[in-house]
Each structure stands twice: as C-alpha cells, then as structure tokens.
Amino acid sequence: MKLPILTIVMTTIFTGTMLTMISSHWLLIWIGLEINMLSIIPILTKNQKPRSTEAATKYFLTQATASMLLMFTIVFNAMHSGQWTTTNIDPNNMIVSLTMIIALTMKLGMTPFHFWVPEVTQGVSLMTGMLLLTWQKLAPISIMMQMFTSINSIILLLIALMSVLVGGWGGLNQTQLRKILAYSSIAHMGWMMAILTFCPSLTMLNLLIYLMLTIIMFTMLNMNTNTTTLTLSNLWNKSPTITMMILISLLSLGGLPPLTGFLPKWVIIQELTKNNNIAMATVMAIMALLNLYFYMRLIYSTSLTLFPTPNNIKMKWQFQPKKRSLFLSPLIILSTLTLPLSPVFSTLN
Amino acid sequence: MLKIIIPTIMLFPVIWYSNSTMIWINMTSYSLMINLMTLPLLNQAGNNSNNFSLTFFSDSLSSPLLMLTVWLLPLMIMASQHHLMKESMTRKKLYLSMLISLQMFLIMTFSATELILFYILFEATLIPTLIIITRWGNQTERLNAGLYFLFYTLIGSLPLLVALIYVQISLGSLNYLVMNIWFQDMSSPWSSNLLWLACIMAFMVKMPLYGLHLWLPKAHVEAPIAGSMVLAAVLLKLGGYGMLRLTIILNPMTKIMAYPFIMLCLWGMIMTSSICLRQTDLKSLIAYSSVSHMALVIVAILMQTPWSFMGATALMIAHGLTSSMLFCLANSNYERIHSRTMLLARGLQAFLPLMATWWLLASLTNLALPPFINLIGELFVIMASFSWSSVTIAMTGLNMLITALYSLYMLTMTQRGKFTYHIHNIKPSYTRENTLMSMHMLPLIMLTFNPKIIMGLTY
C-alpha cells in the first residue's frame, strides 16, 4: 500500500479508537467504533489474496452485527431511561444489559461469539493480525470499563469462563501460529472480563501485560515470517537469541512464575477469592494450563530441541535484519522480568 | 540471607565472563566459597531468632535443607564436566546458568517468610529444571518427561495458590512467623476438607505420593546428571518442606484427612521397593527408591508427632545426599558404557576398586545401615508410626527388608560377580569422580557424629 494511503487509514483507525475512548455519549462511542471498523477493512485486505478477502468479510460481518446490536441497545436505553451517558445505564433493564454484553463480547471475540477470531487472524498477515488482536481490543474494553457497574456479573462471569475453556481447548489442535495466538487472545479476554465487575483496574493490568506479550510474540514471529510451527522449528539456525526470547515470552504468556505473566493471574485469583468466587478462580487457573500445553509444544519445537534444517551448516550467514523490531528489547524485559515490581502496579487506576 | 543470595546471583557474570580454561575452576571454587558462608546458618539458637529481614528467615528446618542445596551446587558442576565437554562454549555457559538460576530460586524458597513468595519461587524452580531435562537430556523420551514433570506439578500447585490466598484473606497474613502465633484451627465443614486437600496436593505431587509418582521415574531417568542430582536431592524435599510449614494452619483436619494418604504411602513404599527389584535400568531403580524413601517422609509429616518430624527432616537430608551419590555413581557407569542397563556393566569391582568402595558405602547408606543418619531418620519414623498404630510396623518393616534387598541387588549386580568381556577397555576413575563421591560421603559420615543439626524443628 502506498505510504500516504497507509497513513490516512492508520490515522483513521487511531481516531476511531480515540473517539470511543474519550466520549461519554453513546452516539459518539458508536461512531468511533464504526470508524474503527470501516478503516481497518483496507488494512485487512492489504495483500490482495482471496484468503484475506474472506477474512475481511468475516470480520466485517461480525463487527457490523455487533455494532448494530450496540446501536439497538443504545436507542433502547435512551428510550427507557431518557439519557445517553455511559455511566447511567440501568442494570435492571434486562434487554439492555444482555444485548450490551452480547454486542461488546462479539466485538472482543469472546465465547460464544469467538468463531471469527481464529479465521480472521489466520487470513491476514502477521503484523495485521497483531493490530487486530491488540489495538482492536482497546475500544470495546474501554466501553466496558466505563460501564462496569451496570454489567450483569453472572452473565459476564459465565462468558469469561467459557472463553477460558474455549481458548484452552481450541488451541490444542493448532499448528498455525496465528490461530494459536488467536485462541490465546480468546483465553486472555476471558481472564480480563472475569474480574471486570469486581475490580476494573485489574482488567487494565491484564490488558497491558497481554498487549505487551502479544506485540512481542508477533514481532518475533515477523522477523523470519514464521507462520507455522514447522517453520518456527528452523529458527535455532537463523537466530538463536530469538529462540530464547520466544521461550521466555511464551512461558510468560502461559502464566508461569516468576515471569510477569503470572502477575495478572495472581491478582485476578486474589480478587475473585476475596469476592467468594473460589470455584471460578480454581477452574480458570487449571484451564489456563491447557494454554500452557500448546505454548510448551511451541517451545519444544523451537528452543528445546534442534529440528533438522534445510541447510547443512550449523549457522547461517548472518545478514542485517531487514524487518523493523521497534521496542522489542524493552518490551521483552517489561513483560518477563518485572514480577518483583508488582506492588507498583497497584498504582494503576 | 543476602550474603548468600547475591553471591549466587553474581555467579552469572562469573560464568559469562570466564574464558574457556577457567570456567570450571571458577564455578566450582566460588560455589564452594558460598558453601563456606552458608555454614554458620547451621548454628541455630532454639528461640527462632534467625530472622534476617521481613522477607527471609532461617530456622532449624530450613537451614539443613539450605545447606544441602548450597553443598550440592559444586557437586553438580563437577559431575557435569564430562558430558558437557563436547558442547560449544555458549551452550556450556547456558547449562551452568540454568544450574545457577535453579540454585538461586531454591535458596530463596528455603528462606522465604511469606508463603506466597514461597509459592512463586516453588513454581519458579520448575522452569530451569524443565529446560535442563528437556534440552540436555539424552533420549527422545525426555520431551515426555519434561511435560509430565511440568504439568503434574502445576496441576497440583494451582489449587495451592488459591488456598494460600484464601488463607491470607481469612487469617490476615501469610507471613510464616506471624502465622506461628496467629493460627486458628480450621473449622469442620466439608469445604475445609477441600482447603486441606488444596494445600496438601501440591506437595504430595512433588514428594511424590505413590499414586502421583509417574513423573518421577521419567524425569529422573531422562535428566542429565546435574538435573537428576538436584531433582532427587533437593526438589523432592521442597514438597516435604512445604508440608512441614503448612501443618500449622492445617490443624485439626489432618487427623482425619491424612488417612488415605498414609495408606497410599505405606502401600506405595512396599510397591515401589518391590518394583526396584525388577528394574533393568539403573537410574530407574534409584528413582523408584527415591519414591519409597519419600513415602516414609510423607507418613512422618502426616502423623505430626515431635519424633516423626525429627525423623522426617533427618531422612530428607540423608536421602538427599545418598540419592545424589547413587545418581553420580550411575552416571559414572553411563559415561563409560553409554547405557543405563545394569546387565551390561557387571563385575566392576575388578576394574575400578575405589569406585566399588563408593558403591558399597552408597548402597549401605541407602539401606539405612547404622550408624548413618539414614537409619536415624528411618528409625524415628518407624517408631512414631508404630506408636500411632501398631499395624504399620508390618509394612515399614517389610519395606526396610525390601530396601535392603534391592540395594544389595544393585551392589552385587554392578560390582560383584564375573565381569562382562566388553568392558575391559573402560577408562579408570577420574580424580574428579572420586572427589565427587567423597564429598557426598563425608557429610553423611560426619553428620553421624552430630545429628542434632538435621533434626529439625522439634529437637
């Protein structure tokens, strides 16, 4: 795509999300979501293949449905409560609360509306997939954080639990890396939404750490354009340091102490336990192990074993890396080694 | 405690900046110096006054285990020299870095005050061990071994996290020193049963309990020598240490809830000892013997009498040293014939007589010969279990018999008898190997003269 066009489209995406995040009037929030959705469609179809067109169509259909549901909820709420602010939604109005949650979880890609996430992420390139799984989550989560007091917590907890289950089990049979990261996104969204009605600052914490880890993973995969586990197994020959970084990042994404990815799980379990949701906390914690299993499979094929490679020499000739990897080193350090700084995150509010 | 932790962390730059001729010398000597610094910890006053800071403390339970951990690091480094000879420099340094990071986490685990910190470090020890087993193991089964190891431990320990957080919310603090004063008895509704189970299962998997022990033979057999040593000597003791720490908050449920586990342990002792008699793989034999010894420790901890706690601690230390020594001996065999099958290297006494002495001593301590500390541990546990219920003497006595049987079986199979003809060109023992064995044996012998330092909390 030519640079001026790319700039305009990217700015529009940015504007859409920003518009959603700063408004308190429902109409403007909806407008921001629509601008965001419409302007990401050219990004999805950037590389002009039938698979990308299919992915863009699926994305457009689900997101448009979700936006329409949201518009319905907004108008219904305006009709029944007479006002358009986000913070004053009536939680007793069952239609409003239910369809609001359905619309927003459809936007985020949570169960039972998760079916588009793996297919859309698979159909686009790695960096576009990263955009999809990171930037696109910001707008709906900001809406949910604004209205968290009026969300029906039972429905949201149910959706979160199902997302963790589906994210764990769905990723087990995958070898395509983009689909693995899509299922990981579904599971992490489940963790984020489980704690929303109790303590939204923990949702923010989990979102930040998840964003950092996903950006790292996609950037490292983009360095050699690895899209399958098989190509990833050749990585030890080309750049062994990236192999080690993938190991640490995947272990952090799986939530193993002493890496930073353990921190959101720990504080979420703590908040859920404080609110007497011990069974939920235990089930979610154990289901996160399914996620860890397919990360371990990736780690095995990448770092801990040496797969046979196409060339006969131990190390390939090291050319200058052409792909840009901005902020990779600080992000890796931030997302794997900052567990001792966990009291600092309590200032996040 | 920082005087031990910071030098251990500083071993990282020592590894990465040493040149290729000095790396083993540097590592071994500096880790021996850290040993020297840890030795004063063994001097425990009885009034629990060794509280170094808000985060770290040491009492008479954690200091022998800490001493065992730091003693083991130079031994692991010495033992790994041979199989790392052919690796490139970076890989050698990576392996040693894994060992050092494991050491760091273990030291902090044994001295942590806050139980959540203990949990985080307990889980943190999994990552370097997983990398050591999976990356540097020798057969293809190591991948499965790593997965079993990681997932068995994690499934057991995630409920522990939830239980610890619940206890912190209901009790107010999880600082161990505070808990000693503030503890309340657990109430009796059925949810306390679940809480008890959640607290205990993590350590039962780690010990391991007989029904959950599947990961242990795999992990011990597939790990390289340093991995096997640290797994057998220290990582299993983490389970025992955790259980001993948590018994305060688990009263009085333990009197009722412990029955299935004691049954499993008593039966499992006999089962795993009997399996040892039928093993062809030498490392697998030693692994199953670890399960058997640890079952005695579980029985002791669950019975909660002063003598049984003394026996449990003494048995943990003694078993750590003995099991690690047996793995070193098995590894010395493996390095020569590249096979773990016992049948292939028999009659070694004729070729390596000094090594046969070490085999003899290791087998004798394994079968709990007086006056070694292995006997003191086992005797205390058996006496305590006899006073708890007279029937258990049948099973523990049978276990001692079968332990003696398989230890002597291992000894006579590898050392005595007619040698096989294909081993006539094995290399003689290195000084390094003899040093390794003597450094295992010397603490065992010297502790016989003063066992009170390993007797733990209730001495």
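Analyst: Phe14(A) is partly exposed, with a relative accessible area of 43% (buried means under 20%, exposed over 50% and partly exposed in between, with a 1.4 Å probe and protein chains only). The model is predicted, so local features need pLDDT of at least 70 and side-chain atom pairs count only at pLDDT 80 or more, while totals for chains, interfaces and linings use all residues. Residues are numbered from 1 along each chain as its sequence is written, chains are lettered from A and ligands numbered from 1 in the order in which they are written, and side-chain values use heavy atoms, with hydrogens and water left out.

Rings of Phe, Tyr and Trp (its six-membered ring) pair if their centres lie within 6.5 Å; planes under 30 degrees apart count as stacked, over 60 as edge-to-face and the rest as tilted. By this rule there are 21 aromatic pairs over all chains. In one of them, Phe14(A) and Trp135(A) have ring centres 5.8 Å apart and planes at 25°, so they are stacked. Phe14(A) belongs to helix H1 (residues 3-22) of chain A and Trp135(A) to helix H6 (residues 126-146) of chain A, 121 residues apart; helices (H or I, at least four residues) are DSSP runs, numbered from the N terminus.

In chain B, Tyr95(B) and Trp136(B) form an edge-to-face pair, 5.0 Å centre to centre with 70° between the planes. Tyr95(B) lies in helix H4 (residues 89-111) of chain B and Trp136(B) in helix H6 (residues 126-136) of chain B, so the pair ties together parts 41 residues apart in sequence. Tyr95(B) is buried at 0% relative accessibility, and Trp136(B) is buried with a relative accessible area of 6%. Ring pairs also join Phe110(B), Phe118(B), Phe122(B), Phe203(B) and Tyr241(B) into a cluster.

Terms used
Helix = DSSP H or I, 4+ residues; strand = E, 2+ residues; numbered from the N terminus.
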